[in-house]
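User: I am new to this structure and would like to learn how to read it. Please take me through it one feature at a time.

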Amino acid sequence: MSTYTKYERGSVWRKWDLQVATNHYTNYSGLQLDGASLDKIVNLTGLTPAQINSDHRNLSDVEYAKLFIEYLVHISPVNAVAIMNHNTGKGIQEIINYLQSKQDFSVKNNIYNDHIVFPGVEIGGCDRCHILIVFNPETTNTNKFIYNNDGIKISEKSWDVFIEDFLSEVHISNQRFVNGAPSNSRDLGALDIISREDEWDFVPIFPHICNSDGWWRELQESNRKEIYNSKYFGIVDSKTIGNNQNLKRILDGLHTDWGKKEIAQIQTSDSKSLSEIGRNFSWIKADLSFTGLKQIIYEPKSRVNNGANLPEDKAGYQIIDRIEISNDLIYNQSLLFNANLNSIIGGRSSGKSILLGSVAKKLKTNRPIKLQDENYDVFVQEISNSIKVVWKDGEEDNNREVEYFQQGYMHEIARSKEKLNSLIQEILNQKGKDAIIASYEKFITENSKKISSFISDYFQTLKSISEKEQKARDTGDKKGIEEEIRKLKEESVKLAVATISEADKSIYEKIKEEINIQNQQRKTLENDSKQLQILKQVSIFREDLSYDLISLSDARKEEIEDFYNSLKSETENKWRAKLNEIEKNISLASEGINQKITQLESESTYKKVLDAYQKNEQLSEFENKIKIQNAKLFKINTVLGEIQNLKKQEVEIFDKITSALKAYFLKTQEIIPELTAAKDGLVINVREKFETNKYQSILYSGLNQQGSINQSISSFEYTDNGTFEEHILNVFKKLSENALTLKGGYSNQSLATNLLSTNFYNLDYDVQYEGDDFRKMSDGKKAFVVLKLLLDFSDKNCPILIDQPEDDLDNRAIYNDLVLYLRNKKQLRQIIVATHNPNIVVGADSELVIVANQNGERNLNNSGKKFQYVAGSLEHTFPKNGATEILVSQGTREHVCEVLEGGNIAFKLREKKYSIKE
């Protein structure tokens with residue numbers, strides 16, 4: 001245990017019961033202990049079981065003192081008590097004497113075995129108002145001690161005499177108070193009690209009981225206001241408020257008249273026997289000391305809690321309990337931490353940031369820690385290698401996470417829109433928006449691929465159209481061929497064949513036309529059969545879904561993959577079966593056509609005429625010419641049909657490209673409402689942002705800028721989505737028509753792909769805090785908002801480590817925003833902050849202050865070690881004691897004043913110069 005302070009962990013929650021009577025109370029009764037508890041008390045006190053369990057008024061003051069202390073320490077549920085009776089101090093001194101006789105009793109703090117006893121008195125007995133008085137057990141004023149002319153204590157009053165003197169001094173003797181005095185005199189006596197705290201060194205709990213609110217109404221308003229505004233009218237006994245409407249009316253009226261004032265509402269047991277101690281109690285977060293008790297005056301809400309369970313209790317795996325140090329440069333072998341707010345203070349280069357950084361480097365952080373100065377970074381890493389971090393659950397686990405914010409980090413983000421956007425997107429991911437953002441990003445990727453594929457198809461279609469048109473031209477002119485066939489037919493008709501009648505010729509021509517139609521159908525089937533063989537090589541499913549399933553658990557991933565593979569196999573089997581069925585039908589249709597052609601060619605009239613024509617050499621020649629022209633006509637009709645289909649496909653692909661291009665904007669608009677988030681005055685709004693520079697950059701890099709048209713195109717300025725779509729589609733059309741001059745390395749297709757497949761709409765984030773626009777805030781306020789973003793939207797409960805946040809913030813933001821924020825956040829998460837700002841330490845009521853010092857000629861450390869640390873609460877106080885080593889020469893409170901305020905003289909001088917009045 002450190003000799004600097006008994007409470008190296010600072011202010012922690014303990015149970016306090018500030019109204020416990022002694023056996024001088026008329027209704028006092030004995031205990032009813034049995035078993036191990038009874039045996040323990042018998043052994044500790046030397047009393048018999050009968051004495052312990054029977055009426056304690058039969059015990060002597062000395063016997064009762066033994067029983068009181070041992071029961072308090074070993075059986076009762078509380079750590080602190082105030083012993084008091086009505087208007088008397090009888091029995092208190094014997095309890096204090098026995099307490100001080102214990103071997104490990106701490107005279108300085110009146111503490112034995114982590115328990116403290118305060119002397120006190122209940123001023124009561126009238127029908128109006130009771131007040132509880134808790135005295136400082138370390139009182140050193142002339143009312144308790146008698147000094148000689150040299151200031152040396154020569155004698156001491158007992159507590160019963162001291163309390164009698166106190167009651168008499170404040171004009172409330174037992175007799176006068178019980179019998180009553182004129183009401184205003186009695187009530188002004190209560191005011192007199194409160195106003196004399198500095199003289200007598202006590203804490204009044206006022207009011208304790210109000211049996212009537214008439215006394216309050218009888219006071220002059222100035223007296224009521226004086227009582228209300230006194231610093232000690234802030235501690236009341238809450239157990240009387242709930243069932244005492246008189247007291248509640250008084251408090252409500254005060255709040256109405258002079259504004260709501262925070263009041264520390266404590267609970268006491270008002271015990272009339274030892275067994276009742278702790279029946280009602282308050283959790284108080286403070287050292288077990290009188291200065292610890294006084295903290296509830298200044299922190300009436302955050303230092304007092306009347307719940308049944310330990311307040312602000314955090315999971316052990318989320319609290320750093322201590323670090324163990326093995327380094328020749330550091331005097332300390334270990335440092336304990338508080339579960340709430342820990343402040344590391346010290347002058348420049350005193351080792352506060354080194355301590356914080358070494359802890360951060362030892363543990364897991366959400367981003368790599370790289371301190372600005374390389375040599376300093378290496379040094380901090382060396383210190384980190386020499387420490388062990390032990391968590392509250394007893395584990396030494398370096399894989400547990402902390403959130404560490406090094407100097408300047410918030411400012412760095414606040415100044416960069418890109419980093420701020422990245423942070424907000426990370427926050428939205430953490431707040432369950434990750435699926436929305438992931439879906440959006442996947443859509444953008446897939447849409448880009450789709451557009452690239454469409455553009456490839458589009459340019460391939462244009463190429464095919466050009467090739468088919470050339471092929472059609474090479475084949476001939478359709479109208480010319482049709483006219484040639486007509487002429488050949490007319491000429492052939494003129495040739496006479498004597499043996500053939502006109503009727504037979506007519507039958508022949510009809511059958512020949514039918515045979516020609518069937519041959520064309522057969523050629524179509526042959527073409528379909530060829531295309532079918534190509535389709536058989538196409539897979540209609542993706543190979544696998546591994547990338548899409550990466551975020552799923554192994555069980556779900558395996559289940560979906562199995563189903564996908566099963567579905568893929570089943571569908572591809574059906575696909576191939578259908579293609580085979582179509583192929584078979586083509587084959588059957590071809591056989592049918594062949595049979596029909598055979599049938600048509602075997603018709604007798606057709607054969608007779610054909611035979612006659614074949615024997616007629618001139619007619620046969622005409623027939624061959626007609627056959628050749630018919631073949632050309634079929635070929636050109638086929639090509640023209642393909643061109644028509646390709647042009648139709650060109651329009652369809654262009655429409656798909658247009659639709660996919662629009663989808664970038666529409667999808668962005670669709671998800672914006674789903675990404676808005678708000679918490680504790682912070683609002684994240686999302687809007688689309690067109691990346692004009694990116695669009696212009698692609699145009700400038702691809703288009704030759706020597707022409708005015710290209711320059712005009714490249715200088716596009718965004719106004720709205722409609723004008724953008726019109727512009728980019730116009731560029732696309734010109735590229736597809738080869739109407740623009742490009743720079744080397746680009747083709748029409750590659751530039752079109754680069755342009756249209758790129759999403760120029762990004763998600764842009766706006767932040768508001770309590771109605772203020774982030775963009776209009778001061779740099780310091782922006783940095784604070786960044787800190788809130790980092791922490792408020794985080795689902796993490798791990799410790800927070802912040803290095804000198806005041807370097808990022810302005811003073812107004814520190815006091816108005818950061819201090820309140822730390823006060824609230826420390827209830828939920830452990831915070832360790834290195835700072836040189838008094839508002840952070842004192843304003844945020846740091847539960848533990850770690851003072852750092854680097855050894856120097858005027859700032860010596862123990863054993864001359866380079867670095868040394870001491871730790872204590874803000875209520876830990878003692879004046880300079882002349883010790884050579886600077887850290888142990890004064891209390892924590894004095895260090896805070898000296899390091900952060902420049903010392904008492906500087907602080908008081910500034911206070912005088914400000915001359916601030918209420």
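User: How many salt bridges does the structure hold?

Analyst: Side chains of opposite charge can pair when their charged atoms come close. This is a predicted model, and it holds 42 salt bridges.

User: Which residue forms a salt bridge with lysine 272?

Analyst: The partner is aspartate 270, with the closest N and O atoms 2.8 Å apart. Both lysine 272 and aspartate 270 are buried. Look at the backbone of aspartate 270 as well. Its phi is positive, near 50°, and aspartate 270 is not a glycine. Aspartate 270 sits in the loop between strand S10 (264–266) and strand S11 (282–285).

User: Is lysine 361 buried or exposed? And which is aspartate 377, buried or exposed?

Analyst: Lysine 361 has a relative accessible area of 17%, so it is buried. Aspartate 377 is buried too, at 8%. Aspartate 377 also forms a salt bridge with lysine 370, where the closest N and O atoms are 4.0 Å apart. Lysine 370 has a relative accessible area of 57%, so lysine 370 is exposed.

User: Which residues are linked in a network of salt bridges?

Analyst: Arg9, Asp321, Arg322 and Glu324 are linked in such a network.

User: Now the nonpolar side chains. How many residues has the largest nonpolar core?

Analyst: In soluble globular proteins, nonpolar side chains tend to be buried together. Here the largest nonpolar core has 83 residues. Tyr695 and Leu789 have the most contacts inside it. Helix H16 (residues 417–475) gives the largest share of this core, 14 residues.

User: What does tyrosine 695 touch?

Analyst: Leave aside residues up to four places away in sequence. Tyrosine 695 then touches Phe690, Phe716, Phe724, His727, Ile728, Val731, Leu755 and Phe760. There is also a second, separate core of 48 residues. Ile41, Ile83, Ile131 and Ile163 are among its members.

User: Ile41 brings me to helix H1. Which residues of H1 are buried?

Analyst: Helix H1 covers residues 35–45, and its buried residues are Leu38, Ile41 and Thr45. They span an arc of only 65° around the axis, so they lie on the same side of H1. On the other side of H1, Ala36 and Asn43 are exposed.

User: What covers the buried residues of H1?

Analyst: The cover includes helix H2 (49–53) and helix H3 (61–74). Follow the chain past the end of the helix. Just after H1, glycine 46 takes a positive phi of about 80°.

User: Which residues form a nonpolar patch on the surface?

Analyst: Leu535, Val538 and Ile540 form one, with about 220 Å² of accessible area together. Leucine 535 lies in helix H18 (residues 502–535). Its relative accessibility is 35%, so leucine 535 counts as partly exposed.

User: Let us end with the whole chain. How many helices and strands are there?

Analyst: The protein chain has 30 helices and 25 strands. Of its 918 residues, 49% count as buried. The accessible surface comes to about 45,000 Å², and 47% of that belongs to carbon and sulfur atoms.

User: What share of the contacts joins residues 24 or more positions apart?

Analyst: Count the contacts in the protein chain with a separation of 6 or more. Residues 24 or more positions apart account for 75% of them.

Technical notes. Residues numbered from 1 in each chain as written. Predicted model: local features only at pLDDT ≥ 70, side-chain atom pairs only at ≥ 80, totals over all residues. Heavy atoms only, no water. Core = buried A, V, L, I, M, F, W, Y, C linked by side-chain atoms within 4.5 Å. Buried < 20%, exposed > 50% of the residue type's maximum accessible area, 1.4 Å probe, protein only. Helix = DSSP H or I, 4+ residues; strand = E, 2+ residues; numbered from the N terminus. Contact = heavy atoms within 4.5 Å. Patch = residues over 30% accessible without salt bridge, like charges linked within 9 Å, V, L, I, M, F, W, Y side chains within 5 Å. Areas by Shrake-Rupley, 256 points an atom, 1.4 Å probe, with all protein chains shown as cover. Salt bridge = Lys/Arg side-chain N within 4 Å of Asp/Glu carboxyl O. Arc of directions from axis to C-beta.
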